[in-house]
Amino acid sequence: MEKWRTAERRGKGLDHAAMSADETQPKACDERIDLSVAASYQAENGSITTVGSMESEKAAYAFLPQTPIESTDDHLVEFAEAMRTLRQVAEGKAAAQAEAAEWKRKYELEKAVKAHKHHSLIKGCSNCVKDKLEHLASKLTLETASADQAGCCGNHGICSRQILQDQCPGPNRKSDDDKIVGQKAPFRLSWGLNGDKSGQHKHDFVSFEKGDITTAERSNKQILLKWESPPQTVLFVTKPNSSAVHTLCSEMIRWLKEHNNMNIFVEPRVSKELVTEDSYFNFIQTWDNDQEMKTLHTKVDLIVTLGGDGTVLWAASLFRGPVPPVVAFSLGSLGFMTPFPSEQYRECLGNVLKRPFTITLRSRLQCQVIRDAAKDEVETEEPIIVLNEITIDRGMSSYLTYLECYCDSSFVTCVQGDGLIISTTSGSTAYSLAAGGSMVHPQVPGILFTPICPHSLSFRPLILPEYVTLRVQIPFNSRGQAWASFDGKGRIQLGPGDALICSISPWPVPTACLVDSTTDFLRSIHEGLHWNLRKSQSLDGPAA
């Protein structure tokens, strides 16, 4: 309504401008202008078709017989300027009147919608009234959207001018006076890291799209590996001191070489044994020093392990950076990470080499010991990568361990007991489970924080998110020392003031699945742990 009145006021202002332009005409002249000159000027500048312009034009022609001929040039210039002003005023007035009529029509239409809505809320609307009301509302909505389309950003996202209001009438909708009109606040999300030296990398577990936060596909779907080109090189890692494993290893190497023409890498120990046994194995390759071992990931396409979970841990320790996919054959006593049966190795390896297969990304922990005597980070020891867990215990001391634990910059607790286990989700079924921790699916992103025989009975295990950094420090007032072991080996002594920093490594271990991650995990806890295995209740009660 206010816009309609504003448009009417603009039209009236234009009328006053036209009157001022008419008053600028000369009122007395001694000579007359030839009418043909005026007619030719009018034809040159075009005709004005509005009512106001026609009246002004007639007034101008009425003055022509009284115009002096001697001052033709000067008065022609003034006459041209007056005619141009009249045309601009007339066009502006016509536009203002059209705008006022359009806003008046919208106001009347909105008023009719409001009246019908009020009538239907009080007396109840029939089907005819409802149809008419919906037609009016949809017409008003479409017209408003078309009118405001020019002001939209056009990016098909959340526009800063977006209106949040009810546009569909009905008995459960709010009245026009109670409509919530506002703007949806835009926001931007980014990944945050604890400094460039933290060793943490971005993990796309969530996606941010159109102002909404959704779970990314990686966290809720099985991961599939498909070779872009056929793999050429296989590394064998075997369980030592086992004649059955040695026999199976030589048989698998022969089959891969003769039927698939694969390049074979083995450990130096295995290479020496095979070459000494038979000169046929002279084609196998190995490494001579640690420097060559660090470049294995650039040469090896696939890792085959023959043994139990300990063999998988040893194979993962050979790679400090990227790890090739691991196909683990079960030849041990317990196998939570070895789903493939050794008796069917031809079929299993054939499927892995030629077809897409599912994998489990098993997170690893990156650990670093910082000594109190170290003056800067240059003097710190090299990081240690583990697949299962880090264990901090009291060693030979009869005193309880006393450890201060921090999560990023937040204090967690003081551990008093036999020790502490910091585990990956793959290691949840190992030492952490024996200490009272939970069994966690290996693809769940997290870090397990499990105390060993704590002094307080309320000290229960925790599961922390994978992006945090844990710091375990030996306080200076500790009675004894502590010992840290990494995947059951590499034992290091920690003294007062020393600290152990743990975070998730950016390089996980991809292990091939026999079926999929969940099926393999459940099968392993059923068969390996006999989880929730009990006799069924007898049904020898009284007959009904």
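**Entry 1: positive phi**

I looked up His530 and found it in the segment after H12, where helices (H or I, at least four residues) and strands (E, at least two) are DSSP runs numbered from the N terminus. Phi of His530 is near 55°, a positive value in a residue other than glycine. I noted a positive phi of about 60° for Asn241 as well, which is not a glycine either. Asn241 sits in the loop between S4 and helix H6 (243-260). I recorded Asn241 as exposed, at 82% relative accessibility; the classes are buried under 20% relative accessible area, exposed over 50% and partly exposed in between (1.4 Å probe, protein chains only).

**Entry 2: basis of the values**

I note that this is a predicted model, in which local features need pLDDT of at least 70 and side-chain atom pairs count only at pLDDT 80 or more, while totals for chains, interfaces and linings use all residues. Residues are numbered from 1 along each chain as its sequence is written, and side-chain values use heavy atoms, with hydrogens and water left out.

**Entry 3: the chain as a whole**

I counted 12 helices and 21 strands in the protein chain. Of its 544 residues, 37% are buried. Among contacts (heavy atoms within 4.5 Å) with a separation of 6 or more, 67% join residues 24 or more positions apart.

**Entry 4: the second largest cavity**

A cavity is a set of points, on a 1 Å grid over the protein atoms alone, where a 1.4 Å probe fits but cannot get out; lining residues have an atom within 4 Å of a point. Grid points are joined across faces, edges and corners, and a volume is the space filled by probe spheres set on the points.

The second largest cavity has a volume of about 150 Å³. Its lining holds 19 residues, of which Phe336, Met337, Arg362, Pro442 and Phe521 are the closest to the centre. At least two lining residues come from each of strand S9 (357-362), strand S21 (509-512) and helix H12 (517-529); H12 gives the most, with 5 residues. I sorted the lining into 8 nonpolar, 8 polar and 3 charged residues, with Ala, Val, Leu, Ile, Met, Phe, Trp, Tyr, Cys and Pro as nonpolar, Asp, Glu, Lys and Arg as charged, and the others, Gly among them, as polar.

Where does the second largest cavity lie relative to domain 1 and domain 4? It lies between them, because domain 1 (41-89 + 173-185 + 364-507) and domain 4 (233-362 + 510-529) both give residues to its lining. The domain bounds come from an automatic or database domain assignment.

**Entry 5: His441**

I located His441 in the loop between helix H11 (431-434) and strand S15 (447-454). His441 is buried, with a relative accessible area of 19%. Its side chain makes a polar contact of 3.2 Å with that of Thr518; such a contact is a pair of N or O atoms within 3.5 Å, where within protein one must be able to donate a hydrogen and the other to accept it, and residues adjacent in sequence count only if both atoms are side-chain atoms. Not counting residues up to four places away in sequence, His441 touches Thr425, Ser517, Thr518 and Phe521.

**Entry 6: Thr401**

I placed Thr401 in strand S13 (residues 401-407) and recorded it as buried, at 4% relative accessible area. A polar atom of the Thr401 side chain lies 2.7 Å from the backbone oxygen of Gly417.

Key:
On a 1 Å grid over the protein atoms alone, a cavity is a set of points where a 1.4 Å probe fits but cannot get out, and a pocket is an open set with protein on both sides within 12 Å along at least five of seven lines; lining residues have an atom within 4 Å of a point.
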